[in-house]
Amino acid sequence: MHLERADNHTWRKIKSALASTIAFVSAILVISPLGLVFFHLLVNGAGSVNWDFLTKLPAPVGAVGGGMANAIVGSLELLAFAGVIGIPIGVLGGVYLAEYGSARINSVLRFLADVLNGVPSITWGVVVYGLVVLRFKGFSAYAGGLALGLIMIPLILRTTEEVVLLVPNGYREAALALGVSRWKTIVHIVMKTASRGIITGILLALARVGGETAPLLFTAFGNRFWNHSLSQPIAALPLQVFTYAISPYDDWHRQAWAGALVLVTGIFCVNVLVRILTRGHAASVV
Amino acid sequence: MYRSGLPLLIKVLSFMAIAASIAVEERSVQVRMASPSRFGDKAFEWLTLAMALAVVVLVILIGWQLWIGSSVAIKKFGFHFLVTSTWDPVAEQFGALPFIYGTLVSSLIALLIAVPLSIATAAYLTELAPLWIRQPLVSLIEMLAAIPSVILGLWGIFVMIPWLRDYPFPFLKRLFGWTPFFSGPIYGPSMLAGGIIIAIMILPIITSVSREILRSVPNLQREAAYALGATRWEATRIAVFSYAKKGLFGAVILGLGRALGETMAVTMVIGNTPQIAASLLKPGYTLASVIANEFTEATTDMYLQALFEIGLVLFGITILVNLLAQLLLRTITTTSATRAVQ
């Protein structure tokens, strides 16, 4: 009897250890693609990232060499345009959810924002194609930037709301008690206190849409030359990586890896920046 | 002067303000009465409200644009669009069944792979792992989430597919070749490859949402189990998992929503062939990839209309799945919030 109970206990302990091991192996499997992708990006891409790649236009089809300078600049232009649309709408909308409105309406708006965050990015491309490209008869940087900007709105809105809610009520009450009007309190006290968090949200949204390809396929469309007008098609780094990756040329494959490495480096720089921004002030509220 | 003097005053006055503990409603009324810039207050409130309403406008805009973009096709093909499998742009015959099938099957494969791994990882991160390892692991998972789809697709084409073709696929074929699921020749780009790449894409989101859910389980649950003499695994299974069941289901549905709409990586590895084949080693096609591949090639109006309708179908499916996920997750957060208040 006694012995049996001891055996049972040992068996239960073994089972617990076994479950822990399985969970550990799962965790390793989950992060292993990260290691593998990084390893292959470095092996295949590092050799091709050079001065030419960063400063030259793509070589004519079939010719070896050339670079992706236009795509790198194009991505930055698209992000700037997307920011002009996405940042003000997202930030001010987030402020409304945190500061004004009734609980019921706000929960509906929050719900819709979460649903929008789940809309496939290719859908945004189709919608902007219908709205802009068909109407103005041509692919353009405007259309691409708009598509990315619309994707940013619900992302920024939700992060802004979260950090604005973290600002202690005492700050608001103090300002209001001084006779400062409500909107000045929100802009000068609340948003200023939450600014680090708001900027973090904006940076994360930019990093996210900076790697998007699907919404640009038939809005920005891509371009093998410099873009001279925002009403013309424009190149973007992820788009160029895609085009080169599915092409039949070896030299283009080599450049796709290089482009992917540049893109990932950019995105991770932003993520590290965010980490520094949030870590320095982990102790304070925001 | 106005700005620099304010913070100090705030610190002093916040004590007084808290001490006074004025009710929120009362306060705002008083301030509004006394404030010299009532117009500014109103204007700012309306401005932010207009921006917040953007989410309503966007949802309507997407639905409306997809609807008018495909209205002719909807009228012409009707319900048949969803249940026929001819996709012939030259004859202007369009049926979306192979794409719907491909989307569902590839997402299902992805869930089969990703769900056990993600939930086990989430349990490891909240219940089982040594404390020092947790934060670094979470950071790595966040980094995986930040990798753009197109880069995973690039890796899929040049690294994953050749490897799958050389080792796991022949192995699966030898083992399960007698079933219809692993029969036929091995191509490389295939439904299974598409499912695997989607699984990698949705691992981080299911893991991090599940982790949040498990973290929200009250410690009292665990303590009760330990007090009864449960081992670590038993406490996790009995006290944590059963409590978090609904939330974990929400996390899985959220992952499904992402899987259905995943575009670039899948397009690059699934083979892009509109067919309904039992064998997972054969190429397939998804709703999202047919839009990505053929949209700019749509030469006729009806072709474009059909692709818009594909977009509408995809939007409809993902909206429904996301609504379900949000409802499941929302009830969890509200109940845990009310519990916290009580």
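**Entry 1: chain B overall**

I started with burial in chain B of this predicted model: buried residues account for 45% of its 342 residues. I then looked up the secondary structure and found 15 helices and 2 strands in chain B. Next I checked how far along the sequence the contacts of chain B reach. Taking contacts between residues at least 6 apart in sequence, I noted that 76% join residues at least 24 apart.

**Entry 2: helix 8 against helix 10 in chain B**

I picked a helix pair inside chain B. Helix 8 covers residues 149-166 and helix 10 covers residues 191-215. I found that their axes come within 11 Å and cross at roughly 135°.

Which residues of helix 8 of chain B meet helix 10 of chain B? I listed B:Ser149, B:Leu152, B:Gly156, B:Met160, B:Ile161 and B:Leu164 from helix 8. On the helix 10 side I have B:Ala193, B:Ile197, B:Ile200 and B:Met201. Sorted by class, this contact has 8 nonpolar residues, 2 polar ones and no charged ones.

**Entry 3: B:Met268**

I moved on to B:Met268, which sits in helix 13 (residues 264-269) of chain B. Is B:Met268 buried or exposed? I noted 28 C-beta neighbours inside 10 Å, so B:Met268 counts as buried; the cut-off for that is 20 or more.

I then looked at its contacts, leaving aside neighbours within four places in sequence. Those of B:Met268 include B:Gly153, B:Gly156 and B:Ile157 in chain B, and A:Ala245 and A:Ile246 in chain A. B:Gly156 had already come up in the helix 8 contact with helix 10 of chain B. B:Gly156 is 112 residues from B:Met268 along the chain, yet their C-alpha atoms are separated by 7.4 Å.

**Entry 4: helix 10 of chain A**

A:Ala245 sent me to helix 10 (residues 237-245) of chain A, which is mostly covered, with 8 of its 9 residues buried. I wrote down the buried ones: A:Leu237, A:Pro238, A:Leu239, A:Gln240, A:Val241, A:Phe242, A:Tyr244 and A:Ala245.

**Entry 5: where the chains meet**

How many residues of chain A are in contact with chain B? I found 76 residues of chain A touching 82 residues of chain B. On the chain A side, helix 1 (residues 2-45) gives the largest share, 18 residues. By class, that side of chain A has 54 nonpolar, 16 polar and 6 charged residues.

I took one helix pair across the two chains. Helix 6 (residues 141-166) of chain A packs on helix 4 (residues 54-77) of chain B at an angle of about 140°, with the axes 11 Å apart. These two helices are therefore oblique to each other. Helix 6 of chain A makes a left-handed crossing with helix 4 of chain B. I saw A:Leu150, A:Ile153, A:Pro154 and A:Leu157 meeting B:Ala54, B:Val55 and B:Leu58.

**Entry 6: domains of chain A**

Last, I looked up the domain assignment of chain A, which gives domain 1 (2-48) and domain 2 (51-280). I noted 35 Å between their C-alpha centres. In this chain, 5 residues of domain 1 are in contact with 8 residues of domain 2. The domain 1 side of that contact divides into 2 nonpolar, 3 polar and no charged residues.

Definitions and conventions
Residues numbered from 1 in each chain as written. Chains lettered and ligands numbered in written order. Predicted model: local features only at pLDDT ≥ 70, side-chain atom pairs only at ≥ 80, totals over all residues. Axes fitted to C-alpha atoms, helices over the stretch in contact; angles between N-to-C directions. Helix = DSSP H or I, 4+ residues; strand = E, 2+ residues; numbered from the N terminus. Contact = placed C-beta atoms within 7 Å. Nonpolar A, V, L, I, M, F, W, Y, C, P; charged D, E, K, R; others polar. Domains from an automatic or database assignment. Buried ≥ 20, exposed ≤ 12 C-beta atoms within 10 Å, placed from the backbone. Parallel < 35°, antiparallel > 145°, perpendicular 65-115°, else oblique. Left-handed = near helix turned anticlockwise from the far one by under 90°.
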